[in-house]
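Me: Could you take a close look at one spot in this model for me? I'd like to see how a single residue sits within the whole chain.

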Amino acid sequence: MNEVANFKKGSKTGCADNNLNYPPYTPKILDEVMYSKTLCMDAKQAWGNHYDVHSLYGYSMVLATEKALQRVFGEHRTLMLTRSSFPGVGKYSGHWLGDNAATWNDLRWAIPGMLEFGLFGIPYIGADICGFFDNTSEELCRRWMQVGAFYPFSRNHNAQGYKVQDPASFGADSVLLKSSKHYLNIRYTLLPYLYTLFYKAHTTGETVVRPVMHEFFTDSNTWTVDRQFLWGKHLLITPVLDPGMDNVRAYIPDAVWYDYETMEQLSERRNHVDMHLPAEKLGLHIRGGAILPTQEPNVTTTYSRRNPMGLIIALDDNNQAAGELFWDDGDSRETVEKGNYIHYTFSVVSGILTMQVTHAGYKDPNNLKFDKIVVLGVPFAPRFVIVTHIGTGTTGNSTTTMPNTNIEYDGAKKVLSLHGLSLTLGETYQVEWEAYQRFDCHPEENPTVAKCEARGCIWESSTIDRVPHCFYPRDYGYNVTEVTETNSGMTFDITRNKKYGSSGRPDSPDIDTLRVDIRYHRSYMLQFKIWDPATDRYEVPVQLTVPSVPETDENKRLYKVNITKNPFGIQVIRKTTGTKIWDSSMPGFIFSDMFIQVSTSLPSEFVYGFGETEHRTYKHDLNNHTWGMFAKDQPPGYKMNSYGVHPFYMGLETTADAHGVLLLNSNAMDVTFQPTPSLTYRTVGGILDFYMVLGPTPEMVVQEYTELIGRPVLPAYWSLGFQLCRYGYANDTEIEQLYEGMKAAGIPYDVQYADIDYMERQLDFVLDSEFENLPSLVDRMRGEHMRFIFILDPAISGNETNHYPAFVNGKEADVFIKWPKSISEEIVWGKVWPDRPNVTVDESKDWEYQVKNYRAYTAFPDFFRTATRTWWEQEIKKFYNDVMKFDGLWIDMNEPSSFVHGTVDGPCLGNPLLENPPYMPPLESKNLGLNHKTLCMNSEHILSNGKRVRHYDVHNIYGWSHTQPTYDALQAVTEKRGVVVTRSTYPSSGKWAGHWLGDNTSSWNQLLASIIGMMEFSLFGISYTGADICGFFNAAEYEMCLRWMQLGAFYPYSRNHNGKGNRRQDPVSWDTTFAEASRDVLNIRYTLLPYLYTLMYEAHAKGSTVVRPLLHE
């Protein structure tokens, strides 16, 4: 009655006629009289006239009552309710929605009323259940008791003179009593969750009863929902609010939802549904992603607080969940302020529940335990459950495996129940169950039920984008026979589980028996290799540096290795933390002739690396993305496989330790990430040869990786200066004018390039007549301490009518790639840049016309052969001695690129499966085959040891094979260190060359992408890297180019370069403002060159990064 209420108007004698009792304007209030049912407005209070403080009367009474309660109850918390409220009342008191009536309308109105008081900062709110005035009906009171069980302030209350309406009054066998008891037991079960919500309201102001739109505000369908409400983020309450109804039109927001009572997942989301709610039921649903703390209920909170606790975990789309718990004595004042409480954060990732105590300032006298954990949405029964008690201080971790008798799994409902846990409240634990993941059994397009089941796999439709419908059974793979273990590693055979038939690619027969070899190379490095011992399969000829003597002292090794037998898998565990950094005991391991697949779980979602392809972020997006890797003349673009291949990644662990993994395989491949998190490799040939380094810091990972593949080259000091290039210089005069312009502007500048323009008809080692004065210009520039770099492509014209030494000498030395002798003795001809002799090129013609009519047949040197390396050096030497000098070499088009697909004038010879294998990774233009824009896959190479291999196997290392011979030739010819820059790379290319990020475009997104690309190549062990400043394709825009010059001044390899047909974009081609800004930022670079050069030394000597992600530090 603290509005204040008065049964008289104003007073027994009425109210005086003045401006307070009868103001000039009276709002539209009851009776349109200011003092109706209250005091006269000119009554006096300590705070002022009643006219001014009438609405604060209830608030003032709350303040006085709070002081009285503190004096009476001392340190004990009490309950205060006020009918009249004002902003700020919620700090001290709850509120009920007043003297309502036993009507369906007032039942409905209670929900928006509670939601409004949530906005007003009064979370302890409710309505009189079953109504205050009037006689209630059984149906009305039953439905009200159901929803009232989820009012924060849950009270059944009615007025004198009306019939009794407590649940027992309706009879022991009544539906009302049974339903009331059922939902009050659920309330009491969830009191730890509700109490935690009040803690959040008290400390951060979050709502307890919450409108649906607070959680799904981007969905306009939720903006008007007021017949449903949430407890916090995670519990959706849908009551029946109309008489005679057992179907309710309800809205299911966009999330995974589970029925609280059946624990089954709803099929609907972001949709209106007709929810069937018979007489005894209310809609109660848990949101996926929730972890709700629970406690066994009893008849009072005093008794229930003595009972065992538990968790209900509802997994979301990514099989993850999170929650928290606040717990104190439930009675004392200021437990939060004094720190007398326990606080937990709960999280589930990859089947691991972490129960992390974040504050432990209270010891419960009842010695409470978490006894039961229920997990909703677990697709398959786990093979094991492991509980780890996380020790503190000197107390170590202790791990136990739960007995199967304490594990229950309902396959129909996909519910995992763990009981008998006895986890002490106030201590930290991890509970791990084997998280089943869907590994794609049909990564090819257009999967069907029939195709899926023909591979022995499971079909289950998924509504989640990119999550496979067809996936492997849990025991699909290989089984382990006897393991032979020594102090330096393990060796054993594995056999294919034939239970499910073949892997489903008839052209790629399965290999039934494989050998596994695990070697402990160093304390921080191990190798595991899987191959067919009965067949001489191709293995990558890249030499890695591993010690001759393994690390045999187990105490020194940072890792331990476990083998799972069915299905076969390798687990690598970091000993200091117990983290599994590799676990390939996943279903779907396949090793067939032309398709190999293996999956592993990952310790966290923080994964970096794999290239060369454009990624939008440095950290990988693990949301079911697949990335193809196959070297190709393909400009940067999202998910486009580009020039090089680097099957290496660095992963962070939840402990912030880091590790790196290399798959030494050079066939076409792809990798697929899942958010669980996990990773799947697929490759079309070779073997599996993995190397792992254990850091433990990100920088140490790179140092250890480059120790394995080779340290980055130390470039010449001058190569750290600014550099200029352009495809499209018309003659040597243009280069000379540019040089003079840069000198006049005083812009730092060390290196000038010539692209293929300087060549006659784009022929290697032949000078064009328009550039006849270039040798003397180069001599003059070098005399003024400039340096010059020329481009060389691998393709050599074979159509020359005049003597062309490069081709003639190469043919005599038999250096060009040919078909296998069993098919033909002929060269495998392609077409690249060289034009045929005696033709006039019309560049207005379309590209296909130009390639067909103007381009010469070209042969491709086989750089794997020793003879080819000798020939290449001789041709470079003759050009240096007889034509013009240079200081470095730029090698391009060495994926290798060809302007025809496979070969000229017809299809590729030999096995067509090599061009279109049984499995095709998601590559650019994959429908056109692996030979799109390159050579036939059946072309033959000869390794230095004489072994003949297919281009199918070594395509990705062609650029790698081109790099060292070029580096060796440069140093032999110039007798200086120099620098080589190459377009196509593979692990260890950085030993000899730098790399530019390819033919990018003049766009802002490519400016951003260059940072990500450089950081990735730092991981790959190629420190001397950068992007074409201002972009290669398309005309550069002024502001973007200026910003790029500023960024590019800090690329290790700093070169402004653009393509033919576009305006100049060098610093002196714009205006004086641009030139001055470029000069200023380049002056900073040049000031710091000793620092940059030292970083290059550190990379060369120790493997450290130069361009470095912030996370490394």
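Reply: Of the 1113 residues in the protein, 57% count as buried, meaning under 20% relative accessible area with a 1.4 Å probe and protein chains only, while over 50% is exposed and anything in between is partly exposed. Please keep in mind that this is a predicted model, in which local features need pLDDT of at least 70, side-chain atom pairs count only at pLDDT 80 or more, and totals for chains, interfaces and linings use all residues. Residues are numbered from 1 along each chain as its sequence is written, and side-chain values use heavy atoms, with hydrogens and water left out.

Now to the spot itself, E296. This residue is found in the loop that runs between β15 (290-295) and α8 (301-304). The protein has 22 helices and 56 strands, taken as DSSP runs (H or I of at least four residues for helices, E of at least two for strands) and numbered from the N terminus. E296 counts as partly exposed because its relative accessibility is 42%. Leaving aside residues up to four places away in sequence, E296 touches S304, N307 and P308, where contact means heavy atoms within 4.5 Å.

From E296 to R1085 it is 68 Å in space, C-alpha to C-alpha, and 789 residues in sequence. Among contacts in the protein with a separation of 6 or more, 69% come from residues 24 or more positions apart.
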